Amino acid sequence: MNIEEAAFATDVRRQLQADGYTVHAGDAADGPDLSGKHWFIWMKPGMSDAEVGPTCDTEPAAWSSALAHRLENSEIELDL
């Protein structure tokens, strides 16, 4: 990954965090199926429950999944 790609990934992660996304790294307390896996959690003030994303093998994959979730639930209408 070059410097521009790293900066872009950092900016996207910051924007997702500002919108209520976090990425959790599973450990032994989460059980053997989740230990070493990653997933996003989305929670904003006023939400009754958090949304939890699919398990991924890496942290970048979990952030990518969070971005896909954000785009799928975007209020921006696309002119197709």
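The largest nonpolar core consists of 7 residues, namely Val12, Leu16, Tyr21, Phe40, Trp42, Trp63 and Ala66. At least two residues of this core come from each of α1 (3-18), β2 (38-42) and α2 (59-72). The model is a predicted one. In soluble globular proteins, nonpolar side chains tend to be buried together.

**Overall architecture**

- The protein chain contains 2 helices and 3 strands, and its elements follow the order α-β-β-β-α from the N terminus on.
- The C-alpha trace of the protein chain spans about 45 × 40 × 25 Å along its principal axes.
- Of the 80 residues in the protein chain, 22% are buried.
- Among contacts in the protein chain with a separation of 6 or more, 28% are between residues 24 or more positions apart.

**The sheet**

- The 3 strands form an open sheet in the order β1-β2-β3, with antiparallel pairing.
- The antiparallel pairing of β1 with β2 comprises 5 bridges; within it, Val23 has Phe40 of β2 as its bridge partner.
- β2 and β3 run antiparallel and are joined by 2 bridges.
- Ile41 has Val52 of β3 as its bridge partner, and Trp42 stands opposite Glu51 in β3.
- β2 is largely enclosed by the rest of the structure, because 4 of its 5 residues are buried.

**Phe40, a core residue of β2**

- Phe40 belongs to the largest nonpolar core, to which β2 supplies at least two residues.
- Apart from residues up to four places away in sequence, Phe40 touches Tyr21, Thr22, Val23, Glu51, Val52, Gly53, Pro54, Ala62, Ser65, Ala66 and His69.
- Two of these contacts, Tyr21 and Ala66, are themselves members of the core.

**Helix α2**

- The 14 residues of α2 should span 20 Å at 1.5 Å a residue, and the end C-alpha atoms are 20 Å apart, which agrees with that expectation.
- The buried residues of α2 are Ala62, Trp63, Ser65, Ala66 and His69.
- Viewed down the axis of α2, these buried residues fall within an arc of 155°, so they line one face of the helix.
- Pro60, Leu71 and Glu72 are exposed on the other side of α2.
- The cover over the buried residues of α2 includes α1, β1 (21-25), β2 and β3 (51-52).

**Ser65, a buried residue of α2**

- Ser65 is located in helix α2.
- The relative accessible area of Ser65 is 16%; because buried means under 20%, Ser65 counts as buried.
- Beyond its neighbours within four places in sequence, Ser65 is in contact with Phe40, Pro54 and Cys56.
- Phe40, one of these contacts, is a member of the largest nonpolar core.

Terms used: Residues are numbered from 1 along each chain as its sequence is written. This is a predicted model: local features need pLDDT of at least 70, side-chain atom pairs count only at pLDDT 80 or more; totals for chains, interfaces and linings use all residues. Side-chain values use heavy atoms; hydrogens and water are left out. A nonpolar core is a set of buried Ala, Val, Leu, Ile, Met, Phe, Trp, Tyr and Cys residues joined through side-chain atoms within 4.5 Å. Buried means under 20% relative accessible area, exposed over 50%, partly exposed in between (1.4 Å probe, protein chains only). Contact means heavy atoms within 4.5 Å. The expected span of a helix is 1.5 Å times one less than its number of residues. The arc is that of the directions from the helix axis to the C-beta atoms. Two strands pair if DSSP finds at least two bridges between them.
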